[in-house]
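Let's walk through this one together, element by element. Keep the model open beside you as you read.

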Amino acid sequence: MMSTDRPTRRRAATLLLGAAIAAASLPAATQEASKDTVFPTRPITLVVPFPAGGPSDALARAVAHGLAETLKGTVVVENIAGAGGTIGLGKVAAAPADGYTLGFGTIGTHIANVALYKTLPYDPATSFVPIGLAGTAPMLVVVNPALGVSDLESLKARIAAKGGKTTYGSAGIGSISHFACVILLAAMKEPATHVPYRGIAPAMNDLVGGHIDFMCDQPTTALAQVTAGKVKAVAVLSDDSVPQLPGLQTVAQAGYPQVSFRSWSAIFAPKGTPPAVAARLNAALRDTLTDPALRAKMQAVGVDLPQGDDLAPAAVSKLIVDGVARDVPALKALGASLD
C-alpha cells in the first residue's frame, strides 16, 4: 500500500505547486477577482467629482445606499470636487482596476469637458468600464421672479435689452448647469455673463437673493425653490414635460428644438476591471434601480431611473459617443475652452 500511495501523493503535490505558481503569475486584479468569490469583501468607494449637496451627489448617495444593500457590503461616497469633475474622475481612472473604486460620471465630465479642456486626466471613451446608467433628468431654466419674465421669449428679450449684463449662475465651469445654459444661449444667439460657483447650492442661494438673473438646474434641487415661489421656472430644456410643473413650456415649444437634451449620470470603473466584477456590479445596479421605493423617491424630484435596455453598460457607451458627436462641436464652435 505504501509503495502505491507515494507516487499519487507526489503527483498531487506537483499539481498543487503548479496551481500556486499559476495563481502567483496572474495580474493583481485577476487574483483579487479570483479570491473574491463573493464580491465585495471590503468597502467600495464611489467617487463623486462634485461638491456634496448637489443633484449628482443626491442621486449618487441614493444609488450607493441601494448598492450596499444589494451587495451586502459597504459603499462609501467620497466627494472629490474641482475642475468640472476632472480631478475626481482622474483619480478613478488611475485607481486599481479591481472594482473597489468607482466613479460617478455625468454628461459634463464625459462630454462637455472634452470641449472645455485641451487635455484631460482621462479619456471619456477608453479610460473606464461603464457599469451602468444611474439616472437622467431634464434641465429647467429658472429665473429670479423680479426679472419679470415668464418664458424663453421674454427671457431672450431681457437678455437682448441688457446685453452681456444679464448674469447666469452655475455649479462651476464644465458642470451640467453651465453646459446647459451655454447651449441655450448659443441657440438664442445672445450673450450673457457666466458666474460660476463652487456647487449648485450657493448658485441657487444667489439666484433667490437676486444676485444673478437666471440659471439652468436639475429638478432635484430646483423644484423645491420653484414650489416655494422663490424662483420661477420658465422652460424645460427637453421635449418631455415635468409632471410636477404641468404646462411648463418645453424648449421645442419655445422654438429651440436643437437645444433639447437631458442630463445623465452613470457609474464607471477603471479600465481593466475584470468582466466578472463589472457584471456583478451591473447586476447590483439593476437590482437597486428597479426598487419601487427608490424609483418613486427619485421621480418625486424629477429624476428618471433607467429600465430595460437602458440598464445595459452599452447604453452608457452610446450616450458618450452620441453626445461627443453632437454637443462637442457646438461647444467648440462657441470657442468654449478653459486652457
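A word on handedness before we start: a crossing is left-handed if the near helix is turned anticlockwise from the far one by less than a right angle, and right-handed if clockwise. What you have here is a predicted model, where local features need pLDDT of at least 70 and side-chain atom pairs count only at pLDDT 80 or more, while totals for chains, interfaces and linings use all residues. Residues are numbered from 1 along each chain as its sequence is written, and side-chain values use heavy atoms, with hydrogens and water left out.

First, the overall picture. The protein chain holds 12 helices and 10 strands, taken as DSSP runs numbered from the N terminus (H or I over at least four residues for helices, E over at least two for strands). Take the contacts (heavy atoms within 4.5 Å) between residues at least 6 apart in sequence: 78% of them join residues at least 24 apart.

Now for that handedness. Helix α5 (residues 107-116) passes helix α12 (residues 313-333) in a right-handed crossing. Their axes come within 8 Å and cross at roughly 30°; axes are lines fitted to C-alpha atoms, for helices over the stretch in contact, and angles run from 0 to 180 degrees between N-to-C directions. On the α5 side you'll find His110, Ile111, Ala112, Val114 and Ala115, which meet a set in α12 including Leu319, Ile320, Gly323 and Asp327. By class, this contact has nine nonpolar, two polar and two charged residues. Here Ala, Val, Leu, Ile, Met, Phe, Trp, Tyr, Cys and Pro count as nonpolar, Asp, Glu, Lys and Arg as charged, and the others, Gly among them, as polar.

On to the sheet. Five strands make up an open, mixed sheet in the order β7-β6-β8-β5-β9, where two strands pair if DSSP finds at least two bridges between them. β7 and β9 are the edge strands, each pairing on one side only. Ignoring direction, neighbouring strands are turned by 30° against each other on average.

Start with β5 (residues 140-143), which is covered on both faces: Leu140 and Val142 are buried on one side, Val141 and Val143 on the other. In a regular strand the side chains alternate between the two faces of the sheet. β5 runs antiparallel to β8 (residues 214-217), joined by four bridges, and it also pairs in the antiparallel sense with β9 (residues 232-236) over four bridges. Val143 is a handy landmark: it stands opposite Phe214 in β8, and its bridge partner in β9 is Lys232.

At the β7 end, β6 (residues 167-170) runs parallel to β7 (residues 193-196), again with four bridges. Thr167 has Thr193 as its bridge partner, and Tyr168 has His194.

Helix α9 (residues 219-227) packs on this sheet, touching β5, β8 and β9, and its direction makes about 40° with that of β5. Its buried residues are Pro219, Thr220, Thr221, Ala222, Leu223 and Val226. After α9 comes Gly229, with a positive phi near 80°.

Finally, look at Ser238, in the loop between β9 and β10 (263-270). Ser238 is buried, at 1% relative accessible area. Its side chain makes a polar contact with the side chain of Asp240 (2.4 Å); that term covers a pair of N or O atoms within 3.5 Å, where within protein one must be able to donate a hydrogen and the other to accept it, and residues adjacent in sequence count only if both atoms are side-chain atoms.

How values were computed
Buried means under 20% relative accessible area, exposed over 50%, partly exposed in between (1.4 Å probe, protein chains only).
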